[in-house]
Amino acid sequence: MCGIVGYVGESQAAPILLEGLAKLEYRGYDSAGIAVYDGVQVYMKKAMGRLKVLSELTHDGELMPGTIGIGHTRWATHGAPSDTNAHPHFNKDESIVVVHNGIIENYLKLKKRLTEKGYEFVSETDTEVIAHLLDYYYKGDPLEAITKVMHRMEGSYALGILFSDHPAELYAVRKDSPLIVGHTKDGSIIASDVPAVLRYTRDVVFIQNEEIVRLTKENMEFYNIDEEPIKKETTHIEWDVNAAEKGGYEHFMLKEMYEQPKAILDTFSPRIKDGQIVIEELGMSDEEIKSIKKIMIVACGSAYHVGMTAKYVYEGLARIPVEVDLASEFRYRDPIIEEGTLLLIISQSGETADSLAALREAQEKGARVLGIVNVVGSSIAREADNVMYTWAGPEIAVATTKAYTAQLIAQYLLAMKFAHVRGLLDDMGLAGMIEDLKKLPAQVEMLLNNKNRIQRFANRYLGAKDIFFIGRGIDHAISLEGSLKMKEISYVHSEAYAAGEMKHGTISLIEEGTLVTAVLTQEALYKKMISNMVEVRTRGAFVMSVTNVDNTEAERASDYVIYIPKTNKYFTNSLAIIPLQLFGYYVAVGRGCDVDKPRNLAKSVTVE
Ligand code: G6P
């Protein structure tokens, strides 16, 4: 979490920093700060709250002269959000200034040592340790001091650093937190993520672990931790700049929901050739696919919910046993990885700290890892043995919608491919599924266009205290995601439950008027679901159901029904999730919540 930017060049730095931070605010938004140097004085301004507070304080940067500077938007880990804990942080004589994304795990030990040596700390952050440690090692050579500090720090960091006696140089360092650098028309820029630099350049260099960059107006010099110069390749970013703008929508989340038909199309269409599924990036021969004995899926948040759905799809279609794990659990449970296991890491950002650690753990244990990743060139994409990209484009709203949708499509494609190669899906079956896949974009669009009806319904539940989501099989997985969307953006408590489990505890929470959202898209389970719906309804629940268009039986046990069009039974998640996303969205809008930036959350969770 946290976003960093830095600039050195001919232009005034502050406006560039503020604009870059605005594009990174999704990474953290409890406070922000910038430091700008005009060759005489380092000006620093920090403010708790959203970036706009800082922008107002600095008159959009005009009050801070200087052509070199660094900036930060924070998601607090060490020390509460406050002006003092906000970055940047100074050393004692204010000649070195640092911004940091990540966590210094041994900061307490380092802080103790530095305190013994007379250093005084003003903030509660781990970052301030870096500023003082740099001060301790600095003897006039920034590179030397930085590498010494790197040897002392444990944990993760992307840093932007200024040394006031090197007024034309900006330094940047990375370990396990994302960092990119590039040239603008009149200088050089660093940032945590591509959207912050797109306005200035499309050619960026992805900094790898334990690499250092010295940036000047004209140059970017790269070094390893032994201070040896290294060569780096430039990557050209193809994205449309508008993809990171709201484009007339009230929120990024709504815009991104509307981009789902395209995300689906872009993710499947390049992989269907002459009626066959071709996933070259998979890097597996048919023989290797046939020898898969088990699939393990590891992810966090919504990506984990994709894994939960995928389990039913792989097991049902390709008859391959699947284990799904939360990355934060997987990495510490000493997992048993047998031969013949294909391990999937699903991640939108490709930077989630737990997912990345799980990937490394799995590779150490000899697993072959396939990354299903949205952000091109991200850490998981680079470190996985193979990477299959989801082509959802940049996602800005903290609550994922289109990236989740694209991740589902990637799972369907893999499952169909595996089932076909393993002889469990014949050519006709495959052709039928491909036809259904092709219909999904239009079907999703139709459901989105039904948004007014869902908004009206949502407006009745703005005061809800608890909402339950129930389903069986794949529908349980959909419920998990529907419930997460609701709680993360509207702050209404909600819970997803496997419908058959309700009676083992949760049903005691049902009172007169409690809203229960029932998802029933699996024909074989209709009857069981209807029994569960009747059970809660007789105890006073108001039942809203999401079901297939032909299941009019559901009306018998529901107070309100939302129909989804007919599709393959393994694809229903892609349709049923749309009304649930809209429902969460409109409850949040109606309650006046900050939909795109829910409190306490960050989009890219690069800390444990
Ligand atoms: C955060 C985001 C979620 C996301 C999860 C995993 O919590 O808010 O939307 O599902 O991280 O992120 P990843 O980038 O690995 O998919």
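Me: Before anything else, what does "buried" mean here?
Reply: A residue counts as buried when its relative accessible area is under 20%. Keep in mind that this is a predicted model.

Me: So what makes strand β27 largely enclosed?
Reply: Of the 5 residues in β27 (residues 560-564), 4 are buried, so the rest of the structure largely encloses that strand.

Me: How do you know that β26 and β27 pair?
Reply: Pairing takes at least two bridges between the strands. Strand β26 (residues 542-548) and β27 have 5 bridges, in the parallel sense, so they qualify. Within that pair, V546 stands opposite I562 in β27.

Me: What about helix α18, why is it called largely enclosed?
Reply: Because 17 of its 19 residues are buried.

Me: Which strands are the edges of the open sheet of 8 strands?
Reply: That sheet runs β3-β2-β4-β1-β10-β9-β11-β15, with antiparallel pairing. β3 (42-48) and β15 (235-236) are called edge strands because each pairs on one side only.

Me: What makes β2 and β3 a pair?
Reply: Two bridges would do, and 7 join β2 (residues 31-37) to β3, running antiparallel, so they pair. There, A32 stands opposite A47 in β3.

Technical notes:
Residues are numbered from 1 along each chain as its sequence is written. This is a predicted model: local features need pLDDT of at least 70, side-chain atom pairs count only at pLDDT 80 or more; totals for chains, interfaces and linings use all residues. Side-chain values use heavy atoms; hydrogens and water are left out. Buried means under 20% relative accessible area, exposed over 50%, partly exposed in between (1.4 Å probe, protein chains only). Helices (H or I, at least four residues) and strands (E, at least two) are DSSP runs, numbered from the N terminus.
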